[in-house]
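This briefing covers the surface, sheet and core features of one protein model. Please have the sequence and the structure open while reading.

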Amino acid sequence: MIKYQTVEEALSWVKSGDRVFIHGGAATPEILVDALTKRHGELSDVEIVHLHTEGNAAYARDEYADSFRVNSFFIGSNLRKQIGKKNVQYIPVFLSEIPALFRKGAMPINVALIHVSPPDAHGFCSLGVSVDIAKAATDVANRIVALVNPNMPRSLGDGQIHSSRFSAAVFSEQKLVELPQEDLSATEVAIGKNIAAIIEDGSTLQMGIGGIPNAALQFLESHKHLGVHTEMFTSALLPLIESGVIDGSKKRKYPGKIVSAFAMGTRKLYDFINDNPM
């Protein structure tokens, strides 16, 4: 059984000079991040590493440069104005190679701030909508501070962590960040239609971020036996799954399963993921 602490108590596990990993995407533990930033007066030379995160990333502001420095593997809108300043740097590296930086000791993780589902009957929590590099970070982190949230879906597969690994845990019912489906431009629709025309039945799909992947998906409704093994899983996939176009039956690796690194979309998407054996 998890013993919960206040957010202030939990963040006391971060010390000056630590390298701190922050869980990203819709799983960004904003409550923990805000509490960490508020400790700026007590901390110095804390290195923060992450992929894309949600929230204002206040730790990257100029006035906190003595307390926090950022080495980010992805520059989102919350860091873009700060990039290149003395306390915010971008590390150019393939997404697939980042876990090795953690596991081989090139970037040891002192503290991981993560956002997880409540534990199951055996004490296992799920990294939910963002497994990507978070699994490697939690595997090697010396200390783990977890935000435990019943709104985080339990994604199955290689994204489980036992609650006994937590140095501290905070309970929250904050809503996950949602990514609404935006209207597509005429250019995106035209490109998407051309892409869909060259995709064969039985193909496995990999999607990235943006309007063009979503545009291509909407023209696949007449295809058969498509599979998914992707970086990003969005709400645009749901109609194809519900109609049976995506069934994964022709995949050579993990047939019948949807494999994804992270998901961002609507609450409907998060509910679909929850405890779904597909």
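Ile 191 counts as partly exposed, because its relative accessibility is 34% and the partly exposed class lies between under 20% (buried) and over 50% (exposed). The model is a predicted one.

**Surface patch**
- Ile 191 belongs to helix H5, which spans residues 186-197.
- Together with Ile 195 and Ile 212, Ile 191 forms a nonpolar patch on the surface.
- The accessible area of these three residues together is about 190 Å².

**Three-stranded sheet**
- Strands S10, S11 and S12 make an open sheet in the order S10-S11-S12, and the pairing is parallel.
- Strand S10 (204-205) and S12 are the edge strands, each pairing on one side only.
- Four bridges join S11 and S12 in the parallel sense.
- Phe 233 has Ala 263 of S12 opposite.

**Nonpolar cores**
- The largest nonpolar core has 30 residues, and those touching the most other members are Val 129, Leu 217, Leu 220, Phe 233 and Leu 237.
- At least two residues of this core come from each of strand S11 (227-233), helix H7 (238-242), strand S12 (259-263) and helix H8 (267-273).
- Another core, of 28 residues, lies apart from it and includes Ala 35, Phe 68, Val 70 and Val 88.

**Contacts of Val 129**
- Leaving aside residues up to four places away in sequence, Val 129 touches Ala 26, Ala 27, Met 152, Pro 153, Leu 176, Ala 261, Phe 262, Ala 263 and Tyr 270.
- Ala 263, one of these contacts of Val 129, is also the residue opposite Phe 233.

Definitions and conventions: Residues are numbered from 1 along each chain as its sequence is written. This is a predicted model: local features need pLDDT of at least 70, side-chain atom pairs count only at pLDDT 80 or more; totals for chains, interfaces and linings use all residues. Side-chain values use heavy atoms; hydrogens and water are left out. A nonpolar core is a set of buried Ala, Val, Leu, Ile, Met, Phe, Trp, Tyr and Cys residues joined through side-chain atoms within 4.5 Å. Buried means under 20% relative accessible area, exposed over 50%, partly exposed in between (1.4 Å probe, protein chains only). Contact means heavy atoms within 4.5 Å. Two strands pair if DSSP finds at least two bridges between them. Patches are made of residues with over 30% relative accessible area and no salt bridge: like charges are joined within 9 Å, nonpolar side chains (Val, Leu, Ile, Met, Phe, Trp, Tyr) within 5 Å. Accessible areas come from the Shrake-Rupley method with a 1.4 Å probe; for residues, only the protein chains shown count as cover. A salt bridge is a side-chain nitrogen of Lys or Arg within 4 Å of a carboxyl oxygen of Asp or Glu.
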